[in-house]
Amino acid sequence: MKHIFGKKVHLGRMALPVWAIALTLVMVAAVAGQAVGPVLSGSVQGSAGLVVSQTLLLKPGSAGNTVVSVDGAAVDDAAVTVNDEGTAFTAAIETQVGQPQALQLVLANGSGKVVNGILELNVPAGIDVDAEGVDDASTNFAQLNRTTYLFSLAIGASNDTADVKVTVESKDDAAPGFYTITGRIIQVAN
């Protein structure tokens, strides 16, 4: 055996010992086995991103229709913006002290079942706020605290009539100035 491994194989001008060639062949075979195993197993790996959005939203506006409208006596000027997801709004209303104004929220239920939600309002001091479900079968309304309300919305509710009415009124002793009212709708589990 020692005599066989001690021999040299001549490749042109070079001579390599037989043991070096044998060791090289064993290493190549071992590495080739490592690469062939995963290729022959047929496994595929990957990942995919998933975004889950809530189905309880402020209804998207259409021609002549806005998701949040302002009604009230002597509304001088008003502007309402809704975020891209349709889950939050900001209202600016120019009014007089003691005059109530109403924000009408049109909601949409994109799921196949009754959904529950929370209307959370951010109202500064000096402003009174009250929210209620509009008198139809689509909303059940309950006040949790001064600015938070729990409600449910029926299956497929997505009409063009208001589902929630938020009444806003400045207190008689409110200082003149600019007040921002924001709100968001949070879908909650049944």
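Reader: Which residues does Val 166 touch, not counting residues up to four places away in sequence?

Author: Val 166 touches Gln 101, Ala 102, Leu 103, Leu 105, Leu 119, Leu 121, Val 129, Asp 130 and Ala 131, where contact means heavy atoms within 4.5 Å. This is a predicted model, in which local features need pLDDT of at least 70 and side-chain atom pairs count only at pLDDT 80 or more, while totals for chains, interfaces and linings use all residues. Residues are numbered from 1 along each chain as its sequence is written, and side-chain values use heavy atoms, with hydrogens and water left out.

Reader: Which residues touch the most other members of the largest nonpolar core?

Author: They are Leu 119, Leu 121 and Val 166, in a core of 22 residues. Strands 3, 6, 7, 9, 10, 12, 13 and 14 each supply at least two residues of this core. A nonpolar core is a set of buried Ala, Val, Leu, Ile, Met, Phe, Trp, Tyr and Cys residues joined through side-chain atoms within 4.5 Å. In soluble globular proteins, nonpolar side chains tend to be buried together.

Reader: Why is Asn 109 called buried?

Author: Buried means under 20% relative accessible area, exposed over 50%, and partly exposed in between (1.4 Å probe, protein chains only). Asn 109 has 5% relative accessibility, so Asn 109 counts as buried. Asn 109 is found in strand 8, residues 107-109; strands (E, at least two residues) and helices (H or I, at least four) are DSSP runs numbered from the N terminus.

Reader: What joins the side chains of Asn 109 and Ser 111?

Author: A polar contact of 2.9 Å joins them. The term means a pair of N or O atoms within 3.5 Å; within protein, one must be able to donate a hydrogen and the other to accept it, and residues adjacent in sequence count only if both atoms are side-chain atoms.

Reader: Why does Val 9 count as partly exposed?

Author: Val 9 has 34% relative accessibility, which lies between 20% and 50%, so Val 9 counts as partly exposed. Val 9 is found in strand 1.

Reader: What makes the pair of Arg 184 and Glu 120 a salt bridge?

Author: A salt bridge is a side-chain nitrogen of Lys or Arg within 4 Å of a carboxyl oxygen of Asp or Glu. The side chains of Arg 184 and Glu 120 meet at 2.7 Å, N to O, so the pair qualifies. Arg 184 in strand 14 and Glu 120 in strand 9 are 64 residues apart, and the pair links distant parts of the chain. Arg 184 counts as partly exposed at 41% relative accessibility, as does Glu 120 at 29%.

Reader: How many salt bridges does the structure hold?

Author: The structure holds two. Asp 128 and Lys 171 also form a salt bridge through their side chains, at 3.8 Å, N to O. Asp 128 lies in strand 10 and Lys 171 in the loop between strand 13 and strand 14, so the pair ties together parts that are 43 residues apart in sequence. Asp 128 has 37% relative accessibility and counts as partly exposed; Lys 171, at 34%, is also partly exposed.
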